[in-house]
Amino acid sequence: MTARIYRPAPNAMQSGRGKSKKWLLVHEQATAKQIEPLMGYTATTDTQVQVRLSFDTLDEAESYARTNGIPYSVQPPHSSTPKRSSYPDNFRFDRKTPWTH
């Protein structure tokens, strides 16, 4: 049972940074999912997949995994490049694409 430590990317549908500053420790799936014969739902007997622990820093997450004997891998954080644009640029005469409604 290995774990993955990562910092999630911000939500693409919103401009805020909510839930993207904390580090998450998520257990990887140890067994394959199975289809239940009665209803056809996918199910698993691995309950560790449901556990998501959040930490303020990467060091806290790594020390938690080390003290509990959990093998882990760390993914580097996503760095976003902000694209700056100004409102008057919409009306420039030398635009590369025509401005239409």
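Strands, as I use the term here, are DSSP runs of E with at least two residues, numbered from the N terminus. The model I am reading is predicted.

Entry: M39. I looked up where M39 sits and found it in the loop between β3 (34-35) and β4 (42-43). Is M39 buried or exposed? M39 has 52% relative accessibility, so I file it as exposed, the cut-off for that class being over 50%.

Entry: H27. I placed H27 in strand β2, which covers residues 23-27. Its relative accessibility is 6%, so I count H27 as buried; the limit for buried is under 20%. Which side chain makes a polar contact with that of H27? I found Q48, at 3.3 Å. Setting aside residues up to four places away in sequence, I listed the residues that H27 touches as M1, T2, A3, Q48, V49, V51 and I70.

Entry: core. I looked up the largest nonpolar core and counted 8 residues: A3, I5, W23, L25, F55, A61, A65 and I70. Which elements each supply at least two residues of this core? I have β1 (3-6), β2 and α1 (58-67). As background, I note that nonpolar side chains tend to be buried together in soluble globular proteins.

Entry: I5. I took I5 from the core list and looked up its contacts, leaving out neighbours within four places in sequence. I5 is in contact with W23, L24, L25, L58, A61, E62, Y72, S73, V74 and Q75.

Terms used. Residues are numbered from 1 along each chain as its sequence is written. This is a predicted model: local features need pLDDT of at least 70, side-chain atom pairs count only at pLDDT 80 or more; totals for chains, interfaces and linings use all residues. Side-chain values use heavy atoms; hydrogens and water are left out. Helices (H or I, at least four residues) and strands (E, at least two) are DSSP runs, numbered from the N terminus. Buried means under 20% relative accessible area, exposed over 50%, partly exposed in between (1.4 Å probe, protein chains only). A polar contact is a pair of N or O atoms within 3.5 Å; within protein, one must be able to donate a hydrogen and the other to accept it, and residues adjacent in sequence count only if both atoms are side-chain atoms. Contact means heavy atoms within 4.5 Å. A nonpolar core is a set of buried Ala, Val, Leu, Ile, Met, Phe, Trp, Tyr and Cys residues joined through side-chain atoms within 4.5 Å.
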